[in-house]
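Here are my notes on this model, written for someone opening it for the first time. Please keep the structure in view as you go through the points.

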Amino acid sequence: MQFITLVQTRPGGESAETGSRVAARASQWKPLKHQIQIVGGRVEQIWNVLGNDYDLMFVGQADDPKTLHRIDAVCKSEGYPSKTHPAIPAAEYAQLVLDRADALKRGSASRVSGKERSEA
């Protein structure tokens with residue numbers, strides 16, 4: 001499964017005092033990348049995030065869904081607030097939305113027809 005992890009590397013300190021965000025340096029993301037790998041994540045890309053509450057975005061792969069929780073635990077244990085989410089391609093997401101809508105429509109139709117039978 002693919003994942004993204006958003007990490008806030010500067011939750012306080014200098015950046016909070018000046019009101020500016022400092023770009024995350026390699027000294028901050030390299031240890032996190034290594035820790036993510038230890039808990040089962042394979043980091044494929046690392047991005048600085050501009051104009052957001054988070055400073056870094058890790059994009060990667062994990063075989064076990066529990067790895068996503070482990071990634072957040074690792075980041076937080078290092079003092080960095082984070083959020084890790086599974087990620088899927090936009091086309092796959094669109095198909096999930098359509099499938100869900102179809103399932104709801106079928107469920108609604110069967111409840112209506114069942115109600116009509118019980119009233120007859």
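1. Let us begin with Thr-67, which sits in helix α3, residues 66-77. Helices (H or I, at least four residues) and strands (E, at least two) are DSSP runs, numbered from the N terminus. Thr-67 is buried, with 2% relative accessibility; buried means under 20% relative accessible area, exposed over 50%, and partly exposed in between, using a 1.4 Å probe and protein chains only. Leaving aside residues up to four places away in sequence, Thr-67 touches Val-39, Gly-40, Gly-41 and Ala-62, where contact means heavy atoms within 4.5 Å.

2. A word on what you are looking at: this is a predicted model, in which local features need pLDDT of at least 70, side-chain atom pairs count only at pLDDT 80 or more, and totals for chains, interfaces and linings use all residues. Residues are numbered from 1 along each chain as its sequence is written, and side-chain values use heavy atoms, with hydrogens and water left out.

3. How far does the predictor trust the chain? The mean pLDDT (the predictor's confidence in each residue, from 0 to 100) is 84, and 78% of the residues reach 70 or more. Over residues 13-21, however, the pLDDT is below 50, and this stretch has nine contacts in the model beyond near neighbours in sequence.

4. Now the overall layout. The chain has four helices and four strands, and from the N terminus on they run β-α-α-β-β-α-β-α. Of its 120 residues, 27% are buried. Among contacts with a separation of 6 or more, 63% are between residues 24 or more positions apart.

5. Val-43 is buried at 13% relative accessibility. Beyond residues up to four places away, Val-43 touches Lys-33, Ile-36, Phe-58, Val-59 and Gly-60.

6. Which residue forms a salt bridge with Arg-42? The partner is Asp-63, and the closest N and O atoms are 3.3 Å apart. Arg-42 lies in strand β2 and Asp-63 in the loop between β3 (56-62) and α3, so the pair ties together parts that are 21 residues apart in sequence. Arg-42 is partly exposed at 39%, whereas Asp-63 is exposed at 66%. A salt bridge here is a side-chain nitrogen of Lys or Arg within 4 Å of a carboxyl oxygen of Asp or Glu.

7. The structure holds two salt bridges; Arg-70 and Asp-64 also form one, at 3.4 Å from N to O. Arg-70 is partly exposed, with a relative accessible area of 34%, and Asp-64 is partly exposed at 30%.

8. Is Ser-82 buried or exposed? Ser-82, in strand β4 (residues 82-87), is buried, with a relative accessible area of 5%. Its side chain makes a polar contact of 2.8 Å with that of Asp-72. Such a contact is a pair of N or O atoms within 3.5 Å; within protein, one must be able to donate a hydrogen and the other to accept it, and residues adjacent in sequence count only if both atoms are side-chain atoms. Further residues touched by Ser-82 include Thr-5, Leu-6, Val-7 and Tyr-54.
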